Amino acid sequence: MPLDMTEGKKIAPGAKTLGRVFLSLILWMGTFAIAARVLRHHPTNLWTRVGCVLMAVLGFLSWPASVAKLIRMLGEFERRIQLVALAIAFFVDVLFIFTVNMLQLAGFIDWISIQTILLVMFCTWFAAMLGTSWYYR
Amino acid sequence: MKNRLRVLRAEQNWSQAELGMRVGVTRQAINSIETGKYDPGLPLAMKIARAFGHKVDDIFELEESD
């Protein structure tokens, strides 16, 4: 008989929390798409511009909150994997942004969009999760 | 940190998955502890000790480098 299955329940994060992460990602992308679409037309109204910025930023906030909640739900070992992956991804991203900045300053490359940087950040995070899971397999 | 997990598990004839189920973690977690890649926190160490009917420091031992 298992001594304590509480930890076991924590390993498999609830579908509800996973769904919340997915919805918050949709919310972030949705608010960003709407705000970017409006701002692309260069609205002159100050409050329209402020509203767009606020909508996009507030739309983003629910996503890290839901990811943090998901990580807190995991067991201690899985939580360690996620935190190590985040730490690795952070330093790889800093290296990437710093290198891009230096290459731009040196005139080797043109301007890089924030969307490209975000995409690279997501990819490094995913790769770091895979790599960390492989190391602790 | 050194541990006697593999030996104790072999004595009980438990697989890593079985021990993991008993203490509520994955097989990967047990394997990482056995190979020294991961030192468990106190609650998990206590659950493992309880599963084997030992004290925590009968199973886990600090090394000079710790």
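How many helices and strands are there in chain A? I looked this up at the outset and found five helices and zero strands in chain A. I note at once that the model is predicted.

**Entry: chain A**

I read the elements of chain A along the sequence and recorded the pattern α-α-α-α-α. I then checked burial: of the 137 residues of chain A, 9% count as buried. I also looked up the contacts of chain A between residues at least 6 apart in sequence, and 76% of these join residues at least 24 apart.

**Entry: chain B**

I turned to chain B and found five helices and two strands. Along the sequence I recorded the pattern β-α-α-α-α-α-β. Buried residues make up 29% of the 66 residues in chain B. For contacts in chain B between residues at least 6 apart in sequence, I recorded that 49% join residues at least 24 apart.

I next asked what radius of gyration chain B has. The value is 11 Å, and it agrees with the compact globule rule, because a globule of 66 residues would have a radius near 11 Å. I also noted the box filled by the C-alpha atoms of chain B, which is roughly 30 × 20 × 20 Å along the principal axes.

**Entry: the nonpolar core**

Which residues have the most contacts inside the largest nonpolar core? I found that this core has 17 residues, and that those with the most contacts inside it are A:Phe77, B:Val23, B:Val25, B:Ala29, B:Ile30, B:Ile33 and B:Ile48. I then looked up the helices behind it: H4 (76-105) of chain A, and H2 (16-23), H3 (27-34) and H4 (42-52) of chain B, each supply at least two residues of this core. H4(A) gives the most, with four residues.

**Entry: helix H4 of chain B**

I listed the buried residues of H4(B) as B:Leu44, B:Lys47, B:Ile48 and B:Ala51. They lie on the same side of H4(B), because they cover an arc of only 100° around the axis. I recalled the general rule here: an α-helix has 3.6 residues a turn, so residues three or four places apart point the same way.

Lastly, I checked the backbone just after H4(B), where B:Gly53 takes a positive phi of about 70°.

How values were computed:
Residues numbered from 1 in each chain as written. Chains lettered and ligands numbered in written order. Predicted model: local features only at pLDDT ≥ 70, side-chain atom pairs only at ≥ 80, totals over all residues. Buried ≥ 20, exposed ≤ 12 C-beta atoms within 10 Å, placed from the backbone. Contact = placed C-beta atoms within 7 Å. Core = buried A, V, L, I, M, F, W, Y, C linked by C-beta atoms within 7 Å. Rg over C-alpha atoms; globule rule 2.2 N^0.38 Å. Arc of directions from axis to C-beta.
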